[in-house]
Amino acid sequence: MRYQVEHQTVYSYDTCVIQSQQLLHMMPRQTDFQQCVSYTLACEPSPAEQSRRCDSFGNHNDYLTLLTPHQSLEVTSRFQVDVQPRPTMQTLMQSPAWEQVQAMLQLQGTQHLEATPFIYATARVKCSEALATFAQTCFTPQRPLLEAAMSLTQQIYAEFEFDAQATDISTPLDEVLKGRRGVCQDFAHLMIGALRSLGLACRYVSGYILTHPPAGQPRLVGADASHAWISVYCPVNGWVDFDPTNNCLVQQEHITVAWGRDFGDVSPMRGVVLGGGQQQLTVSVTVTPLAYAAA
Amino acid sequence: MQPVLNQLYFSDRYNELLDSSGQARPHWQALLAQLESEEPTAMRKRVEAVQRQVRDNGVTYNVYADTHGVQRPWDLDVLPLIIPQDEWQHIAASVAQRATLLNRVLLDVYGEQRLLADGQLPPALIYGHNGFLPSCVGIPHYDNIALHSYAVDIARAPNGQWWVVSDRTQGPTGAGYALENRTIISSAFPELFRDLNIERLSGFFASMRDSLAHWGHRVADNQARTVPGIAALGQGEPPLVVILTPGPYNETYHEQSFLAGYLGYPLVQGSDLTVRNGVVWLKTIAGLKPVHAILRRIDDDYCDPLELNAESLLGVAGLTQAARLGNVLIANALGANLLQSGALLGFLPNLCQSVLGETLRMPSVATWWCGEPAALEYVIQHLDDLVIKPAYPQVRSSPIFGEDLNPGQKESLIAKLRAQPDHYIAQEQVDISHAPVLTSHQSHPQIGSLAVSLRVYAFATPNGYAILPGGLSRVASGKDARVVTMQRGGTSKDTWVLSHDSQPPFSLLRKTSSSQDLVRENAYLSSRMAENLFWYGRYSVRNLQKAIMLRATIRALLEYTPEMRDGEWSTMQGLCQWFDLLPNPEDEEAIASWQPWTDDDIEPLLIQAVFSQQSSSLATSVQQLFQQAFNLRERISNDHWRTVNVLSRLFITRHQHATLQDALSYIEQAINHFVTLTGFAMDWMTRDLGWRFMSLGRRIERLQFMCVLLSRALSMPQHSNLEWLLQVTNNLVTYRARYAAQPEWLPVLDLLLMDDNNPNSVVFQIKGLVKYLEEMDAQDNAGGIATELNDCWQALLQLDPDQCFTAGNTALAEWLNRTYAVTLTLSDRLSLRFFSYASPLVTPGH
């Protein structure tokens with residue numbers, strides 16, 4: 001399936017910004033199931049400096065420096081990607097018991113170096129007894145890792161309410177666990193925290209998801225949003241992605257941009273500005289399946 | 001005095017001073033002989049001299065949670081720790097080896113990660129440590145050095161062996177304090193320093209400067225090669241090295257400013273720097289200057305809000321990228337905090353073998369990382385003999401001594417260890433050696449003994465690590481000798497390394513070789529420093545004027561009866577109000593109905609104006625001046641700083657029942673200090689660009705005061721007493737020498753306004769200001785900043801003295817008001833053009 005994605009970010013400032021430095025994670029990764037066909041980045045006003053590099057997780061970083069005084073900043077990424085189907089749950093049943101994976105990671109970390117950066121607590125994802133207890137209702141003794149992970153995905157979906165007003169990017173995990181509400185980012189952090197509290201390796205994935213307009217209605221431009229889900233390390237199957245917000249094993253409707261230990265490693269756009277005062281942020285995302293677009 | 005050696009505390013610890021038979025060890029004998037030959041009074045004088053120097057030099061250590069405010073005086077014992085040469089050689093070699101090893105480990109973890117792949121380092125020690133910064137993976141390092149500055153805390157075990165207690169790898173503190181300790185103690189024992197060959201410290205700092213200059217040149221070459229618009233350094237042009245500080249509230253700010261002054265590097269804050277084109281630039285009065293090396297005192301993740309901790313207000317956005325491009329050397333490299341972990345200690349002996357092919361020369365105190373299952377079980381079995389500490393800096397926990405715990409506490413500690421074993425280490429509880437200290441009973445100085453630890457410093461050179469021959473010795477405070485830290489309150493000591501060779505006197509500043517190397521102007525003046533100097537100039541003049549105004553008012557109150565005072569009395573009160581020394585009426589109505597205070601009412605108000613801690617009293621103004629001077633610490637001389645210190649201490653004590661006479665006596669003392677400060681400003685500071693900003697501040701402040709003073713005086717009745725006008729402008733003596741009569745309007749105003757030989761006249765301020773501002777217009781394209789004031793000057797010359805220089809003249813009053821308004825806009829324009837970081841900065845050549 002080929003998708004076209006347009007992601008527009010607009011900052012409006014109360015007063016003039018005279019210097020702005022931005023770090024972007026917007027260019028999609030190449031993966032076993034995804035190839036980037038084209039990618040363009042537009043910035044208004046135009047940046048004085050622009051560069052790109054690959055970070056230590058293999059994500060693409062765009063750096064922008066603006067020196068033109070401005071009161072609004074508009075950054076738009078446009079790209080096309082091809083996404084292939086991933087293994088289904090039936091083919092993934094062959095995963096070791098989760099305790100076995102935990103022991104491997106703890107005692108033979110050297111053989112799983114691609115997973116070890118993702119086992120430990122981070123600034124945004126603290127591990128705790130409470131999170132371990134939360135996970136243990138699904139991670140019952142000797143249950144296969146991926147089956148348990150699917151079950152935890154379902155549990156989060158069933159017990160938590162999607163509520164964009166309940167949290168912001170600084171809401172701690174404990175509060176999400178108590179309040180039982182949040183957005184995709186909270187659910188991803190929650191699941192990562194639960195798995196890491198059991199000593200398992202889990203990473204944060206940022207990207208987009210295809211949404212389906214109500215039957216008979218056209219796809220609305222800009223109605224989508226950036227999305228987040230998680231990836232669990234299985235010594236047999238490699239990294240397997242689950243989406244607790246949508247209660248699914250990631251298949252062909254997720255577009256991967258970047259991954260890291262938590263949101264902080266991959267936030268789509270972070271920056272430092274001089275001046276500006278108060279700021280307003282507007283983000284609009286449109287994901288278009290190109291096969292449908294032609295119709 | 002007779003040190004009563006046999007009363008010293010004996011135990012199974014090693015004693016630095018005495019051997020097992022109670023005899024003084026050979027390397028202490030010269031010092032002991034000196035002490036024994038002296039009367040107790042001589043010793044007491046030495047102690048007092050040391051304490052006075054610590055206080056007067058303003059050596060402080062800031063404690064974050066200190067309830068006594070920001071400053072805490074440094075605690076320095078008179079007796080040094082003495083180490084003989086052969087023993088020192090072992091210590092120095094061990095520290096150099098350890099620095100070399102840790103540097104290699106750091107390079108590997110942020111580079112190839114072979115040590116992880118080979119299983120020599122458990123991944124938890126890296127990825128479980130929040131000091132591991134993924135953004136720093138792959139950053140290249142000049143000469144493969146990432147750990148430029150390193151310190152290690154060592155202590156001596158009962159068998160006499162030195163052991164490593166902990167490593168300091170992020171921005172080791174204390175070398176500057178060691179240097180200051182040396183300066184103070186060497187002047188307390190000048191004879192011993194002459195007779196004993198004690199290793200000098202300055203050579204270490206010289207090699208530090210040489211190394212940073214070496215790498216700074218490499219960075220400059222890289223910039224010139226890769227960044228358009230940057231030229232190579234000229235012949236003999238030094239690279240720009242800066243010290244990056246978190247600011248005056250940091251616990252070791254004093255040391256940072258001291259080192260900056262000693263090494264001759266600008267002390268900068270994050271906001272002084274900006275990154276453009278992948279290069280770090282210093283914002284200076286003359287535009288942006290490329291920075292080549294940064295000696296940083298900001299924690300790793302606070303260094304770059306763009307790529308590291310986004311919440312940091314201390315760092316420089318884009319710094320990581322600049323390092324990645326090889327466009328700046330950061331000492332230590334970002335990410336070095338990773339090595340500051342007790343969990344690493346147990347792995348070092350094997351790492352030393354495999355990485356360096358050598359045996360680790362100095363062992364660490366036996367340490368178990370509970371992340372290893374076998375170690376965890378051992379720790380739980382032997383809890384009574386161990387100290388439990390956090391393995392990573394993000395784990396917040398004070399050292400727990402197993403022997404202190406009751407069974408319940410032990411249970412809960414074990415549960416904590418089992419829940420997150422990799423978060424903890426356990427260390428053997430070592431009885432560290434005791435060193436002699438002078439107990440602080442001033443009348444009878446006595447020698448006691450306390451547990452001592454030594455921090456040793458290393459700095460990388462292109463040819464290996466240089467070791468500071470000495471270091472910061474610290475003794476525990478109070479009875480609990482188990483934890484030695486400055487944060488918990490402890491005393492420091494100078495450290496003497498004895499040498500067989502005589503030590504030539506050595507100065508850090510190298511001799512300039514030819515006239516080409518002569519430097520006439522400090523190359524860099526940061527915008528922030530210029531602003532600080534400007535405000536320091538303003539505050540010092542304002543303080544002096546406040547004090548003089550108060551003195552004149554109090555004297556008028558004491559010396560004259562109400563009947564003898566005339567129109568000037570309410571004007572004087574009004575001027576005190578202008579300075580906020582007396583309360584101002586709150587609204588229009590109150591202003592209209594304002595009446596001068598009666599003598600009984602004003603007396604307590606004037607006493608408050610001197611001593612009160614709340615209002616803008618003289619006491620609080622002096623504290624503000626102190627803060628301003630503190631921000632300039634590395635720019636002003638020690639003598640200058642001492643005066644500021646003495647001045648600020650004048651008002652620290654509370655004055656509950658002060659009288660007007662007390663107030664007057666304090667004002668007199670303060671005025672003496674203020675005048676001394678003026679002397680430093682005029683005669684003791686080089687008249688460079690920074691001095692010019694200070695001078696601008698002084699003159700603007702004085703001109704403002706003169707305008708207000710004279711405009712108010714003009715509204716006094718014709719027959720008023722004018723002597724006080726001459727007093728508060730410091731012109732009484734001049735006037736009396738010139739005119740043998742009572743002050744009259746015309747000659748008084750001529751002296752105060754027009755006499756350009758009189759440094760206290762209006763025209764003197766204006767002339768100087770116009771000269772500086774015109775130079776700025778010419779050099780820095782300051783946009784006609786001098787024009788308005790120049791117009792004022794011309795207008796003043798047009799006024800006819802016979803007509804205008806008298807009470808109630810409106811033309812003169814208008815001129816004074818206009819000039820006052822010009823000084824206000826001038827201050828704003830200076831700050832927009834030269835100080836404000838929000839204005840676009842011009843890069844050189846554009």
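Analyst: In this predicted model, B:L244 has B:V268 of β5(B) as its bridge partner. Strand β4 of chain B, residues 241–244, is joined to β5(B) by two bridges, and the two strands run parallel. They belong to an open sheet of four strands in chain B, ordered β5-β4-β9-β10 with parallel pairing. Its edges are β5 (267–268) and β10 (329–331) of chain B, each of which pairs on one side only. Helix α8 of chain B, residues 202–226, packs on this sheet and touches β4, β9 (293–296) and β10 of chain B. The direction of α8(B) makes about 135° with that of β9(B).

B:N332 sits in the loop that runs between β10 and α11 (348–356) of chain B.

Chain A also has a cis peptide bond, from A:E44 to A:P45, with omega near 0°. A:P45 is placed in the loop between β2 (34–44) and β3 (49–54) of chain A.

Two loop residues of chain A have positive phi without being glycine. A:Q142, with phi of about 65°, lies between α2 (129–136) and α3 (145–159) of chain A; A:Q142 is exposed, because 11 other C-beta atoms lie within 10 Å. A:N247, with phi of about 55°, is in the loop between β10 (238–243) and β11 (248–249) of chain A. With 14 other C-beta atoms within 10 Å, A:N247 is partly exposed.

Technical notes: Residues are numbered from 1 along each chain as its sequence is written. Chains are lettered from A and ligands numbered from 1 in the order in which they are written. This is a predicted model: local features need pLDDT of at least 70, side-chain atom pairs count only at pLDDT 80 or more; totals for chains, interfaces and linings use all residues. Two strands pair if DSSP finds at least two bridges between them. Two residues are in contact if their C-beta atoms, placed from the backbone, lie within 7 Å. Axes are lines fitted to C-alpha atoms, for helices over the stretch in contact, and angles run from 0 to 180 degrees between N-to-C directions. A residue is buried if 20 or more other C-beta atoms lie within 10 Å of its own, exposed if 12 or fewer, and partly exposed in between; C-beta atoms are placed from the backbone.
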